[in-house]
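Have a look at the sequence and the structure, then read on.

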Amino acid sequence: MKTLVFATNNKHKLDEVQKITSGLVNIVSLEDIGCHDDIPETSDTLEGNALQKARYIKEHYGFDCFADDTGLEVEALNNAPGVYSARYAGPGHDSEANMNKLLQEMNNIKNRKACFRTVIALLLNGQEYLFEGIVNGQITKDKRGASGFGYDPIFVPDNYTQTFAEMGNDIKNTISHRAEAVKKLSAFLSTLSE
């Protein structure tokens, strides 16, 4: 079975992706290959950041790999925080501060439409591929639920009444933006092993 490096140290993401690709490919993390570098993410697009991370691993460690970047895009805020979702409230990647800032900015806004968008960049056998997953939904007025991570407590996907943080990882991992992108990645990888 082929081994691919997933350019992340986020255990939540790693677990989610390993479950979806189980049996197709062996996924290892940055920690598994001894990479503790602060990989640059300086692009102003999700696609650019995902490619930048994947290329960095290929260049510095020599492994075929994939990387993702995810953003929460809020319609009323001109798709902010978008590519800056993880650092929305400033440096430090604090989810609580990010959510608080977003809820404050949405305070008197009626249009609460938003989407989570994930882009996966795969570098395999000298080629580059992109896969995208999008889930549409609404921003809540307050935080609800304790599971998940990031903005999960304030995002309700369309056709659901619970936030990602209330529904639990089993349901979230089947309908999320990342799940969608990883399913496309899996479908692509399965064509290679036929």
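## A buried charged pair

Glu16 counts as buried, because its relative accessibility is 2% (buried means under 20% relative accessible area, exposed over 50%, and partly exposed in between, using a 1.4 Å probe and protein chains only). Arg178, at 3%, counts as buried too. Their side chains meet in a salt bridge, with N to O at 3.4 Å. That term means a side-chain nitrogen of Lys or Arg within 4 Å of a carboxyl oxygen of Asp or Glu. Glu16 sits in helix 1 (residues 11-20) and Arg178 in helix 5 (residues 177-192), so this pair ties together parts that are 162 residues apart in sequence. Helices (H or I, at least four residues) and strands (E, at least two) are DSSP runs, numbered from the N terminus.

Before going further, note that this is a predicted model, where local features need pLDDT of at least 70 and side-chain atom pairs count only at pLDDT 80 or more, while totals for chains, interfaces and linings use all residues. Residues are numbered from 1 along each chain as its sequence is written, and side-chain values use heavy atoms, with hydrogens and water left out.

## Other salt bridges

How many salt bridges does the structure hold? The count is 14. One of them joins Glu96 and Lys143, whose closest N and O atoms are 2.8 Å apart. Glu96 belongs to helix 3 (residues 95-105), while Lys143 is in the loop between strand 6 (127-139) and strand 7 (155-157), so the pair ties together parts 47 residues apart in sequence.

Asp152 makes a salt bridge with Lys172, and here the closest N and O atoms are 2.8 Å apart. Asp152 lies in the loop between strand 6 and strand 7 and Lys172 lies in helix 4 (residues 164-175), so parts 20 residues apart in sequence are tied together. Both Asp152 and Lys172 are buried. There is also a network: salt bridges with shared partners join Lys13, Glu16, Asp68 and Arg178.

## Around Ser85

Where is Ser85? Look in the loop between strand 4 (80-82) and helix 3. With 5% relative accessibility, Ser85 counts as buried. If you skip its neighbours within four places in sequence, Ser85 is in contact (heavy atoms within 4.5 Å) with Thr70, Gly71, Leu72, Asn98 and Tyr151.

## Rings that pair up

A pair of aromatic rings is described by the distance of the centres and the angle of the planes. Rings of Phe, Tyr and Trp (its six-membered ring) pair if their centres lie within 6.5 Å; planes under 30 degrees apart count as stacked, over 60 as edge-to-face, and the rest as tilted. By this rule there are six aromatic pairs. One of them is the tilted pair of Tyr129 and Phe188, at 4.5 Å centre to centre with 45° between the planes. Tyr129 is in strand 6 and Phe188 in helix 5, 59 residues apart, and the pair links these distant parts of the chain.

Phe188 also forms a tilted pair with Phe131, at 5.6 Å centre to centre and 50° between the planes. Phe131 and Phe188 are both buried, whereas Tyr129, at 28% relative accessibility, counts as partly exposed. Elsewhere, ring pairs link Phe116, Phe155 and Phe164 into a cluster.
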